[in-house]
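The paragraphs below go through one structure, starting from a single residue and widening from there. Keep the sequence and the model in view while reading.

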Amino acid sequence: MGFFTKKQVKLSAVAFNLNDFEELNYNQLVEINGGCGGGFWNSVRKFFSGEKSSSSSSSSDSSASRGSSGYSSSSPSGSTSYTTSSSYGGCGEGVILSRNNQEKIKTLHPEIRNATSSMLTNLKKDNVNVEISLATRTYEEQDRLYSKGRNEKGEIIDESKVVTYAKGGQSYHNFGLAFDVEVYNENGTKNWNKQSEAWQKVINEGKKQGFVAGAEWNDFPDLPHFENSFGNTQSALRYNIQNNKMKDGYVNVK
């Protein structure tokens, strides 16, 4: 069987056997049923954690707060897909991160993925809406950013258009060790006020998770930027890449 339809979920909320389904879209279930809670969701949680329910479940609690859109996993034929890690969120104590954040986290170096996920999860629990705007960048993408406000010789001709002083290979973004974020107000507009309560929470939570906050740089403050180099200079990281000191496609940092 495939994913639940809305009708199937509504009809099945009172009693159904999760073992009958090979593919489940967990976040879709949360949204259709209006949130988390109750025996229905206890069975869903058990299913996605690998503890498949052997009995029918009770009705869902529609009064609970609605979950937000997140990553939807699907499984190949003959297998079941589970979504349980904190980076993908969940019901109950968990938090569902946005699809954008989940996809951006996947591009980051494995050594900072959990810390990034924890940072965004804790902020969301604290009602701070944060989205990753930039994560890992290739050398070519970095060079394109570097060219903004500069002529072909690399000389600055329009300071107002300059967004970075780093060429390809000179930014921790190029190694998956940095990301930029945007903070949104409740009305959906972007918040760029460093002194606001929301941004102070973002900066403090980032530092708590081991990141350097670009907002606190003196020479070229970079409010959205967070990085963790694990003590490596960019030249050291480039050297590791050139000498194939890699693991699973990412440069060694420890």
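Val181 sits in strand 2. The model is a predicted one, and every value given here is computed from it. With a relative accessibility of 0%, Val181 counts as buried, because the limit for that class is under 20%. Setting aside residues up to four places away in sequence, Val181 touches Val130, Glu131, Ile132 and Ser133, and also Trp192, Trp199, Val202, Pro224 and Phe226. Val181 and His225 are 44 residues apart in sequence, yet their C-alpha atoms are 6.7 Å apart in space.

Several of these names return in the nonpolar core. The largest such core has 31 residues, and Val130, Phe179, Val181, Val202 and Phe226 are those with the most contacts inside it. At least two residues of this core come from each of helix 5, strand 1 (129-134), strand 2 (178-184) and helix 7. Helix 5 gives the most, with five residues.

Leaving out neighbours within four places in sequence, Phe226 is in contact with Leu177, Ala178, Phe179, Asp180 and Val181, among others. The list for Phe226 also includes Met119, Val202, Ile203 and Gly206, as well as Phe211, Val212 and Ala213.

**Helix 5 and its two partners**

Two packed helices are described by the angle between their axes and the distance between the axes. For helix 5 (residues 110-125) and helix 7 (residues 197-208), the axes come within 9 Å and cross at roughly 145°. This crossing is right-handed. On the helix 5 side, the contact is made by Ser118, Met119, Asn122 and Leu123. Helix 7 contributes Lys201, Val202, Glu205 and Gly206. By class, the residues of this contact are three nonpolar, three polar and two charged. Met119, Val202 and Gly206, which take part in this contact, are also among the residues touched by Phe226.

Lys201 belongs to helix 7 and is partly exposed, with 25% relative accessibility. Not counting residues up to four places away in sequence, Lys201 touches Leu123, Asp126 and Val128. Lys201 and Asn122 are separated by 79 residues in sequence and by 9.9 Å in space, C-alpha to C-alpha.

What is the relation of helix 4 to helix 5? The axes of helix 4 (residues 99-107) and helix 5 come within 9 Å and cross at roughly 160°. Angles over 145 degrees count as roughly antiparallel, and helix 4 and helix 5 are therefore roughly antiparallel to each other. Helix 4 passes helix 5 in a right-handed crossing. In this contact, Asn101, Ile105 and Lys106 of helix 4 meet Arg113, Thr116, Ser117 and Leu120 of helix 5. Two of the residues in the contact are nonpolar, three are polar and two are charged.

Ile96 is placed in the loop between helix 3 (38-48) and helix 4. Is Ile96 buried or exposed? Its relative accessibility is 5%, and Ile96 therefore counts as buried. Ile96 and Thr121 are 25 residues apart in sequence and 7.8 Å apart in space, C-alpha to C-alpha.

**Two loop residues with positive phi**

Most residues other than glycine have a negative phi. Phe230 has a phi near 55°, a positive value in a residue that is not glycine. Phe230 is found in the loop between strand 5 (225-227) and helix 8 (234-242). At 28% relative accessibility, Phe230 counts as partly exposed.

Asn244 is not a glycine either, and its phi is positive, at about 55°. The loop that holds Asn244 lies between helix 8 and strand 6 (246-247). With 61% relative accessibility, Asn244 counts as exposed.

**The chain as a whole**

These parts belong to a protein with eight helices and seven strands. Of its 254 residues, 43% are buried. Among contacts between residues at least 6 apart in sequence, 61% join residues at least 24 apart.

Terms used: Residues numbered from 1 in each chain as written. Predicted model: local features only at pLDDT ≥ 70, side-chain atom pairs only at ≥ 80, totals over all residues. Heavy atoms only, no water. Axes fitted to C-alpha atoms, helices over the stretch in contact; angles between N-to-C directions. Helix = DSSP H or I, 4+ residues; strand = E, 2+ residues; numbered from the N terminus. Left-handed = near helix turned anticlockwise from the far one by under 90°. Contact = heavy atoms within 4.5 Å. Nonpolar A, V, L, I, M, F, W, Y, C, P; charged D, E, K, R; others polar. Core = buried A, V, L, I, M, F, W, Y, C linked by side-chain atoms within 4.5 Å. Buried < 20%, exposed > 50% of the residue type's maximum accessible area, 1.4 Å probe, protein only. Parallel < 35°, antiparallel > 145°, perpendicular 65-115°, else oblique.
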